[in-house]
Amino acid sequence: MTALHGLAILLLCQSAGEAASRLLHLPLPGPVLGMLLLVVALRWQALRTPVGMAADALLGHLSLLFVPVGVGVVTHLALIARDGPRMGLALLLSTWVGMGVTALVLQALWRDEPP
Amino acid sequence: MTPAAAMQDFVQLWVYLSATPLFGLTATLGAYLIALAVSARLGHPTWANPVLWTVLALAALLLASGTPYPSYFSGAQFIHFLLGPAVVALGWPLWQRRAQLRRRWLALLLAALAGGAAASASAVAIGWALGLPAEVLASLAPKSVTAPVAMGIAEQLGGIPALAAVLAVLTGLVGAISGKALFTVMRIRRTEVRGFALGTASHGIGAARALQVHADAGAYAGLALGLQVVLASLLLPLLPLLASWLP
């Protein structure tokens, strides 16, 4: 069993998730249902090594996978020229608000827990 | 061969190569590996974020050479496609930490709900206050969710899917680059809390940064990213329903 087997298992989970999402009209996208399916499937010991190898390889270079979409910025140059500074300000402040609120809530809830 | 003829050959070669999927795929991988190597050589400072520099370099290359985005994407789509299996793969770190998660699920769920709602609501509120058009606001709402899922949610909300994906990537970059400074100012020290907050507000790019710093931070960031995907796909499409109830 290799990383290739693992990739096949990930794709199978994604396909099953995609099928379930469409057939049952579920609000969750296929890959998300696939992720939940994978967690259940991992009870089966034989899947763990190959899935671990494939998952570590994919997640180890997760940021690379965002590059093609990021380069899509070139198709929105007109919009950016018009709304860029305002969108940038909204993005910057809201990201800090989101990170700050998450960290404060979690820290408050874990006050009594040893690290 | 005269320089002019050589130049013409080169132009013809470029026209041929830039139209094949080979160009987009090779340029993306090559630029990313160079950015990664430079970042590692400099000791992974936050400003040397590999995604930021890869995107800037490729965008400059496309604009300078006049290559249309669709012909670049015909090659880059092979990398883009892997986002789906990568979301599925997030089940692996979740499963590895199942014992911890069983103990801590309530606190994590509450933090993910509060942080995700705060990020989305503040983005839309600030954008609305600054007078951004409705379709841009709808594209801003899912910006803390990983790009492929953000596109689907933006479409349901009446936004522009391609813009939502770009905004999600930019959000990821903001978090990955400024997260450390923000946590220092706020005196947040625990690695799990830092990682979880990074993953909640800036999804996969934040998680990639967290993973560079610490394995535990990376795992909690991956968990947060998975939770945001589930929560946002369930809750954000309800927003128009909520708006229709208002007078």
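Predicted model: local features only at pLDDT ≥ 70, side-chain atom pairs only at ≥ 80, totals over all residues.
For the complex as a whole, the predictor reports an ipTM of 0.89 together with a pTM of 0.84. Within chain B the mean pLDDT is 86, and 97% of the residues of this chain reach 70 or more.

Chain B contains 13 helices and 0 strands, so that, read from the N terminus on, its elements are listed as α-α-α-α-α-α-α-α-α-α-α-α-α. Along the principal axes, the C-alpha atoms of chain B fill a box of roughly 70 × 50 × 35 Å. Of the 247 residues in chain B, 49% are buried.

The domain assignment divides chain B into domain 1, covering residues 3-81, and domain 2, covering residues 86-245. The centres of domain 1 of chain B and domain 2 of chain B, taken over C-alpha atoms, are separated by 28 Å. To the contact between them, domain 1 of chain B contributes 6 residues and domain 2 of chain B likewise contributes 6 residues. On the side of domain 1 of chain B that touches domain 2 of chain B, 3 residues are nonpolar and 3 are polar, while no charged residues are present.

Helix α12 of chain B, which comprises the 21 residues 215-235, reaches 30 Å from its first C-alpha to its last, a span close to the 30 Å expected at 1.5 Å a residue. Because 15 of its 21 residues are buried, α12(B) is largely enclosed by the rest of the structure.

Chain A is also assigned two domains, with domain 1 at residues 1-60 and domain 2 at residues 67-115, and the C-alpha centres of domain 1 of chain A and domain 2 of chain A lie 28 Å apart.

Between the chains, 61 residues of chain A are in contact with 87 residues of chain B. At least two residues of the side of chain A that touches chain B are supplied by each of α1 (3-23), α2 (30-41), α3 (48-60), α4 (67-71) and α5 (77-109) of chain A. The most is given by α5(A), with 23 residues on this side of chain A. By class, the side of chain A that touches chain B comprises 45 nonpolar, 14 polar and 2 charged residues.

Key:
Residues numbered from 1 in each chain as written. Chains lettered and ligands numbered in written order. Domains from an automatic or database assignment. Helix = DSSP H or I, 4+ residues; strand = E, 2+ residues; numbered from the N terminus. Expected span 1.5 Å × (residues − 1). Buried ≥ 20, exposed ≤ 12 C-beta atoms within 10 Å, placed from the backbone. pLDDT = per-residue confidence, 0-100. Contact = placed C-beta atoms within 7 Å. Nonpolar A, V, L, I, M, F, W, Y, C, P; charged D, E, K, R; others polar.
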